[in-house]
Amino acid sequence: MHNFYLKNTTKSFETLPILGNSYKKNPKNPYDNSYGTATEKSHKLDVESDSKKFKYPIAVIFVLASKFFEAFAANGVRTVLALFLHDSLHLSEDTSSAILHLFNFFSQFCPIFGAVLADSYLGNARTLFIFYIPYAIGYVGLVFTTLPYMEQVFSATTLVYVSLLLISIGNGNLRACITSLGGQQFNLPEQKPELDQYFSHYYFIYTLGILLSKIFPPEVRSVTTCFQEDVCYTAVFGMLCLVFFASWFVFLVGLCFYKHETPQHNNVLFKVMGCCVHALLNKVKGKVTTGDCLESAIGKYSDVFVADVRSFLRVIVLFIPLPIYFSLLAQQDSSWTFQATQLNTTIAGFYIQPDQIKAIGPMLLLILIPLFDKFIHPLCRYFGHQLSPLHSVSLGGFSAAFSFSCAGILQILIEGSDAPISVIWQFPQFFFLQLGEVLLSIPGLQFAFTQAPSSMKSVLTAAWFCNNAIGNLIVVIMKEIKPVRYQSTEFFMYSLLMLLGIVIFSFLAHLYEERGDMRTSEGIIASEEQTIEKFVYVEELGIGNLEANSFDSMNSNYRY
């Protein structure tokens, strides 16, 4: 697995920090950058010789270690949260699921603010230092909610809500900064090869933390007893709290080694928002004389920037139907976990905890990604049938819809059967959901990155965060309004919504191509092609919810 991450990893540092403008290229010369200009040959020779002058930064070791512990702790909470709320606080399945998805919503929405603070005002290290504090308070509060005598002092439910809010804020803002903090420790471009290694190390460590978090917390809960209870959530959250404090301690020690940062005090996200608001106000005031209200922003903003915003918005329109997909992806930790509690989870004589079953997701993903990259895509190219990113997204949506149809069929069997059904029958729905992830998320975001102007790529990352957050919010709304009575019907409802969403996406994609908005690979300079990152949303996948994940050279797998 480690070798796979070393070979299939991001080759970019220009998208760091996530929402900043940290690296600019000369479009006439892909080897000309903010550090100077060079020919291709001299550039390679200089990088190879200069890289030997610098050692691998020791600060990066602290970044990787702190991220491993934090990933284990945060996703350990997600793993057991739904069952904890249902079994210990006696909340309904719908309420437990809604709380979990609200927790995910804030975790996905907060990175935008953390990135803005880090890029424009405080720097990554200071932002992390600040948000580790409420993060820690949240973990301590979560442990206290499991103590029986705390009911005499606080409402356990209220304390859980406050603790989860603090954890989600801390988790969201940390994920916005920790990757960038590590990347900034390298001397560029001299240490570009070492930076590539850092990304592979980072995502291997991150994925390892997530995988372990889906195995050990449920096991600790099942093998320990406390306060006359058969299961001990105090031990689970206590363990996760200690792991988090290990992350905090490692980060604090690393402060002695991190490089000094100078915030830019100018964020493109705010600038894009300002441009759009200014244009809309002019529209309301009747100052727009053409059909394109963005034209009225020229003057306050440069015509080049306004053109970039226009191109960016055309790409964003394609995102409109996608939150429903993320609402499906997020339910591995909620609806599918509750479904697993109704199944026989003994496989080949070994009993598996219901919330350990979802570890199937990341395991499948680790098989499917190299399978597609090394075999399926090359085979398609060999027969001359390369799949375009937009068509791949459509297929991924259909696969995700089919996964929930499988879940609905299984639920009907559960509701109508007197004998317990094996949890093995959950495998098809996990397989098709992860297949949809490979077909949809990876080429979808890669397409958006290649189509968006270079100045808008960081804002696009923020939009992707919002997509995921809105997906979790959709689940919360559905749980509250309860449009259907039976769980099986709810699964089929999501399947139909996904089909409707992907049909709308396909129509929008057709209009996008028909208008001639598509940028071809010939219009993208070689150095830009190499900067596309593969965003596999490790948390929502069951490996984690976004962080930029490893992206091998996708332009060889998809045509435009």
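**Close-up views of a predicted model**

Figure 1. The structure shown here and in the following views is a predicted model. Leu 255 sits in the loop that runs between helix H9 (233-254) and helix H10 (268-284). Together with Phe 129, Ile 130, Ile 133, Ile 137 and Leu 252, Leu 255 forms a nonpolar patch on the surface. The accessible area of these residues together is about 490 Å². Helix H5 (residues 124-144) gives the most to the nonpolar patch, contributing four residues.

Figure 2. Helix H11 spans residues 303-317 and includes Arg 310. From its first C-alpha to its last, H11 reaches 21 Å with its 15 residues, close to the 21 Å expected at 1.5 Å a residue. The buried residues of H11 are Phe 305, Val 306, Asp 308, Val 309, Arg 310, Phe 312 and Val 315. Arg 310 counts as buried because its relative accessibility is 16%, and the term applies under 20%. When neighbours within four places in sequence are left aside, Arg 310 is in contact with Asp 292, Leu 294 and Glu 295.

**Figure 3. The disulfide of Cys 226 and Cys 232.** A disulfide is a covalent bond between the sulfur atoms of two cysteines. In this model the count comes to one disulfide. Cys 226 and Cys 232 form a disulfide in which the sulfur atoms are 2.1 Å apart. The torsion about their S-S bond is about 105°, and the disulfide is therefore right-handed. Both Cys 226 and Cys 232 are buried.

**Figure 4. The salt bridge between Lys 482 and Asp 94.** Eight salt bridges are found in a search of the whole structure. In one of them, Lys 482 pairs with Asp 94, and the closest N and O atoms are 3.9 Å apart. Lys 482 lies in the loop between helix H17 (457-481) and helix H18 (487-514), while Asp 94 belongs to helix H4 (residues 93-122), so the pair ties together parts that are 388 residues apart in sequence. Asp 94 is partly exposed, with a relative accessible area of 22%. A network of salt bridges links Asp 94, Lys 479, Lys 482 and Glu 490.

**Figure 5. The salt bridge between Arg 221 and Asp 355.** The side chains of Arg 221 and Asp 355 meet in a salt bridge, at 2.6 Å from N to O. Arg 221 lies in helix H8 (residues 216-223) and Asp 355 in the loop between strand S4 (350-351) and helix H14 (360-382), so this pair ties together parts that are 134 residues apart in sequence. Arg 221 and Asp 355 are both buried.

**Figure 6. The salt bridge between Lys 358 and Asp 333.** Lys 358 forms a salt bridge with Asp 333, and the closest N and O atoms are 3.0 Å apart. This pair links distant parts of the chain, 25 residues apart: Lys 358 is in the loop between S4 and H14, and Asp 333 is in the loop between helix H12 (323-329) and helix H13 (335-341). Lys 358 is buried, with a relative accessible area of 3%. Asp 333 counts as buried at 5% relative accessibility.

How values were computed:
Residues are numbered from 1 along each chain as its sequence is written. This is a predicted model: local features need pLDDT of at least 70, side-chain atom pairs count only at pLDDT 80 or more; totals for chains, interfaces and linings use all residues. Side-chain values use heavy atoms; hydrogens and water are left out. Helices (H or I, at least four residues) and strands (E, at least two) are DSSP runs, numbered from the N terminus. Buried means under 20% relative accessible area, exposed over 50%, partly exposed in between (1.4 Å probe, protein chains only). Contact means heavy atoms within 4.5 Å. The expected span of a helix is 1.5 Å times one less than its number of residues. A disulfide is a pair of cysteine sulfur atoms within 2.5 Å. Patches are made of residues with over 30% relative accessible area and no salt bridge: like charges are joined within 9 Å, nonpolar side chains (Val, Leu, Ile, Met, Phe, Trp, Tyr) within 5 Å. Accessible areas come from the Shrake-Rupley method with a 1.4 Å probe; for residues, only the protein chains shown count as cover. A salt bridge is a side-chain nitrogen of Lys or Arg within 4 Å of a carboxyl oxygen of Asp or Glu.
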